[in-house]
Amino acid sequence: MTAPSPTLSEDLVPAFARGTRLQHDRVRDQWIVQAPERAFLADPIAAEILRRVDGAASLEAIINSLAGAFSAPREVIAGDVLAMVASLAERQVLIWKV
């Protein structure tokens with residue numbers, strides 16, 4: 001039995017699950033999330049988010065970084081980031097650092 005997921009909040013610190021990583025395929029110029037026995041292509045927006053997942057930065061810091069880098073409304077960026085990381089956490093690609 002796995003532990004329940006924490007309530008999604010900007011205080012959480014995402015990290016890649018063991019054996020999972022983001023890698024840039026230079027030949028295809030494509031970001032790929034490699035996980036045990038599976039891989040996901042990361043679209044440009046997902047890649048920008050995942051490149052900031054280092055196991056130290058909180059979701060708040062990631063959202064603020066993206067909002068500043070792209071001069072976009074913070075609430076729009078926050079909605080996109082929270083939805084994506086929740087989905088990847090459900091698929092056990094991302095975990096939460098404590």
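Predicted model: local features only at pLDDT ≥ 70, side-chain atom pairs only at ≥ 80, totals over all residues.
Trainee: In what order do the elements of the protein run from the N terminus on?

Mentor: The secondary structure comprises 3 helices and 5 strands. Read from the N terminus on, the order of these elements is β-β-β-β-α-α-α-β.

Trainee: What radius of gyration does the protein have, and what would a compact globule have?

Mentor: The C-alpha trace spans about 40 × 35 × 20 Å along its principal axes. For 98 residues, a compact globule would have a radius of gyration near 13 Å, and the protein agrees with this, having 13 Å.

Trainee: How are the buried residues of helix 2 arranged when seen down its axis?

Mentor: Helix 2 covers residues 59-70 and reaches 16 Å from its first C-alpha to its last, close to the 16 Å expected. Its buried residues are Leu 59, Ile 62, Ile 63, Leu 66 and Ala 67. Seen down the axis of helix 2, these fall within an arc of 130 degrees, so they line one face of the helix.

Trainee: Which elements do the buried residues of helix 2 pack against, and which residue follows the helix?

Mentor: The packing partners of these buried residues are strand 1 (13-16), helix 1 (44-50), helix 3 (74-90) and strand 5 (94-97). After helix 2 comes a residue with a positive phi, near 45 degrees, namely Ser 71.

Key: Residues numbered from 1 in each chain as written. Heavy atoms only, no water. Helix = DSSP H or I, 4+ residues; strand = E, 2+ residues; numbered from the N terminus. Expected span 1.5 Å × (residues − 1). Buried < 20%, exposed > 50% of the residue type's maximum accessible area, 1.4 Å probe, protein only. Arc of directions from axis to C-beta. Contact = heavy atoms within 4.5 Å. Rg over C-alpha atoms; globule rule 2.2 N^0.38 Å.
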